[in-house]
Every structure is written in structure tokens, then in C-alpha cells.
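Q: Please take a close look at the surroundings of the ligand in this model, and describe them in one connected account.

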Amino acid sequence: MEKTYKWGIIGPGNIANKFAEGLQILPKAERYAVASRSLEKAEAFKAKYGFEKAFDSYEEMLKDPALDVVYIATTNNLHFEHTMMCLEAGKAVLCEKPFASNLLQVKQMVDKAREKQVFLMEALWSRLIPSMMQFKAQMENGAVGKPFLFQCDFGFISPFDPYKRVYDPGLGGGSIPDIGIYPVFTAMYLFGKPETIQVASVPAPTGTDWTTSILFKHKNKKISMLTSSFEMVLENEARVYGENGSLKLHRMFHMPVRLSFKANDGKETDIPLQMEGNGYNYEAAEVMECLDKGLIESPAMPFAFSLELMSVLDEIVEKAKIG
Ligand SMILES: NC(=O)c1ccc[n+]([C@@H]2O[C@H](COP(=O)([O-])OP(=O)(O)OC[C@H]3O[C@@H](n4cnc5c(N)ncnc54)[C@H](OP(=O)(O)O)[C@@H]3O)[C@@H](O)[C@H]2O)c1
């Protein structure tokens, strides 16, 4: 019989709902426990998605010996603390993006996973969906010929409210950590770590970044042009241009929607996509496949990528402060 895993969720807010939906189609995933600061909220979530146990304390959930793996879906500022807590308790971790608040924290998380020999992965769900992998594979297989440029943006209107998570510096708010991370990681996934980074940014009244544009120069003369914003609706597409045309992940590029190739003569051809579930199932399936193999690190979403990504995000955030 196939091994199953008992999942627990910390912070059953907005995104935890999507993740729990994703778990529902995975036979290996047991919807086991949910912990919130509010028991009422944990109970409601448990009932909605068919979990077995609800806790009003994260620590109490982690004491449950039957629990195998924890999905951390709290606000950005809490990822480090909650990941360390889970790893200390010997529980495998899938932690929401951004992995932590800075590179030093990510290094400590990775060190802790190695010390405890416990699995750890950043929940960058778009990296693990087939459309993103097909996008890269098409580029690498020469669909556009030699690639030169990656253009990508992610923007929508989030009306300003100083108490909202995305505008609250105390909760790790800002367009860069919340949505800019998607164009940034995709650029790095396609072209590697940038050699130079230029940033132009406009802050919201709370000081978190409102709109940020980023220019990367990668090795082999490749360029990425990226923008994130909570002030305007952007195309939310990802496009790689090369000598023979362009490949496009259509709106919303970070979800599995549509992939096409446009030749230099303007002729556009769709590339069929594989897709199952709501997309969040892929990251959970990857975790369980790694646990089956006794790994502490995912080959598809390795520590090295999370470390590089956070080092680049740190630099962008620093440069964004200058404007
Ligand atoms: N992968 C994706 O597609 C995606 C999309 C959106 C967000 N995210 C990421 O998911 C994480 C959560 O985002 P969300 O939109 O789901 O957030 P949210 O609903 O505002 O909050 C999630 C949980 O964080 C805790 N929390 C909220 N505000 C808090 C505060 N002031 N102090 C302490 N704890 C607080 C709460 O846990 P309790 O229930 O215990 O109170 C809440 O349930 C973020 O890191 C974000 O970057 C990912």
C-alpha cells in the first residue's frame, strides 16, 4: 500500500484555503491537523476541508507525534520563527514564499534542516507547476532560438490600507515580497542568478514598496525586465524573446493558464499544457515524493535556489529603499 502523510497547517488564512483544496486530490495526503491562534477559525477550517484535528496553538499541534509535515501559511514576518519551531519539533516543512525576511534567516533555516535531518522546502508553487516547467523546457529546446530577453510583470490594485498585510512593514508587506517574487524567480529559473541588478521603486505611505521595476543583466548578455505593483492592473504575463520569436505564459502567468509561441511573422501557436487540480497540489506532491525517498531537500526546489532567490530579493529591497 502507498505510504500516506499526515499534513498540518499553521495559519489557516487566505492562501491556506487554496492549499487545502489542492491537498484534496492527493490520495497520499491525509488532511490531519490545523492550528490557528483562534480555535473557532481552526474548527471552521477543519470542517470545511475535512481535517481531523483543530488546535488553538501552533506549539500544541507540533507536539502531536502522528503529525508528519507542516504547511506554514502565516504572514511573511513569521516564516522564520514558525519554520524553526517545526524543524526543532522534527516535523517536515513546506513554508510559504517569501521563505523568510532575509538571507541570514534562510541560511539558519537550511542549517537547522541539515542539523535535524528534517525536510524543508519553500512553497513557491508556481515553480512546480507543469506550465512553468514546459515554458523553460520549450526555451531550452530552442523554440525561440537564442533567447535574449525576459519580460514579466505582476500587478493589481490593492486599495491602500495601512493595516492590510501587504502594506504593513511589520508583517513583511510590499509588492516585492508578495508578488514581485514571481517575476524575479521566473527570470532566475530561466536565465540564472543576475550579475547586475537595477531597481526603481515607489513607496506606499507606510514605506512598503508600492510599485517596483527591476532590470537584471544575466550572463551571456541576457536581460530581464520585471515590474510588480499594487497600484495598477498589469498584463501579468511572462514572455521570453529570442531570435526566432517569443514564448508567452499568458495572464496569469504564475498559474497554469496558457502557453504559446509567436513567430517573428506574427503567427501564434498554442502549446498544450498538462494540468491537474488547482496547482497547489504539485508542491504538496513534491514534498511527499521527497519524503518517500528520505530526502531533506527537494531536487526540484533546492536550498541553493531559495538561498539565491533571497539574496537577490534582499538586494532588490535595499535598492528599492533608495527609490
Ligand atoms: N502561494 C500563493 O499563491 C500565495 C498567495 C497569497 C499569499 N501567499 C503567502 O502566504 C502567506 C499568507 O498570506 P495570506 O494572504 O494567506 O495571509 P492572511 O490570510 O492575512 O494570514 C494568514 C495567517 O497569518 C496569521 N496572521 C495574520 N495576521 C497576523 C498578525 N497580524 N499577527 C500574527 N499572525 C497573523 C493568521 O494566523 P492565525 O489563523 O493563527 O491567526 C492568518 O490565518 C504569505 O506569506 C504570502 O506571501 C502565497
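A: What follows describes the ligand site, and then some backbone features of the chain. The model is a predicted one, and the description should be read with that in mind. The ligand sits in the largest pocket, where 24 residues surround the ligand, the closest being Ser 36, Lys 41, Tyr 58, Asn 76 and Tyr 280. By residue class, the shell around the ligand divides into 10 nonpolar, eight polar and six charged residues. Both domain 1 (5-126 + 283-297) and domain 2 (130-274) contribute to this shell, each with at least three residues. Among the secondary-structure elements, helices α1 (14-23) and α7 (175-191) each provide at least two residues of the shell.

Turning to individual contacts, a polar atom in the side chain of Ser 36, one of the closest residues, lies 2.7 Å from an oxygen atom of the ligand. On the side chain of Glu 96, an N or O atom is 3.3 Å from a nitrogen atom of the ligand, whereas Lys 97 takes part through its backbone, a polar atom of which is 2.8 Å from an oxygen atom of the ligand. As for burial, the ligand taken alone exposes 890 Å², and the protein buries 82% of that area.

Pro 98 itself belongs to the loop between strand β5 (92-96) and helix α5 (103-116). Another cis peptide bond runs from Arg 251 to Met 252, with omega near -15°, and Met 252 is placed in the loop between strands β12 (245-249) and β13 (259-263). A further backbone feature concerns Gln 117, a residue other than glycine, whose phi is positive, near 55°; Gln 117 is located in the loop between α5 and β6 (120-123).

Notes:
Residues are numbered from 1 along each chain as its sequence is written. This is a predicted model: local features need pLDDT of at least 70, side-chain atom pairs count only at pLDDT 80 or more; totals for chains, interfaces and linings use all residues. Side-chain values use heavy atoms; hydrogens and water are left out. A residue is near a molecule or strand if one of its heavy atoms lies within 4 Å of it. A polar contact is a pair of N or O atoms within 3.5 Å; within protein, one must be able to donate a hydrogen and the other to accept it, and residues adjacent in sequence count only if both atoms are side-chain atoms. Accessible areas come from the Shrake-Rupley method with a 1.4 Å probe; for residues, only the protein chains shown count as cover. On a 1 Å grid over the protein atoms alone, a cavity is a set of points where a 1.4 Å probe fits but cannot get out, and a pocket is an open set with protein on both sides within 12 Å along at least five of seven lines; lining residues have an atom within 4 Å of a point. A molecule sits in a cavity or pocket if more than half of its atoms lie within 2 Å of its grid points. Helices (H or I, at least four residues) and strands (E, at least two) are DSSP runs, numbered from the N terminus. Ala, Val, Leu, Ile, Met, Phe, Trp, Tyr, Cys and Pro count as nonpolar, Asp, Glu, Lys and Arg as charged, and the others, Gly among them, as polar. Domain bounds come from an automatic or database domain assignment.
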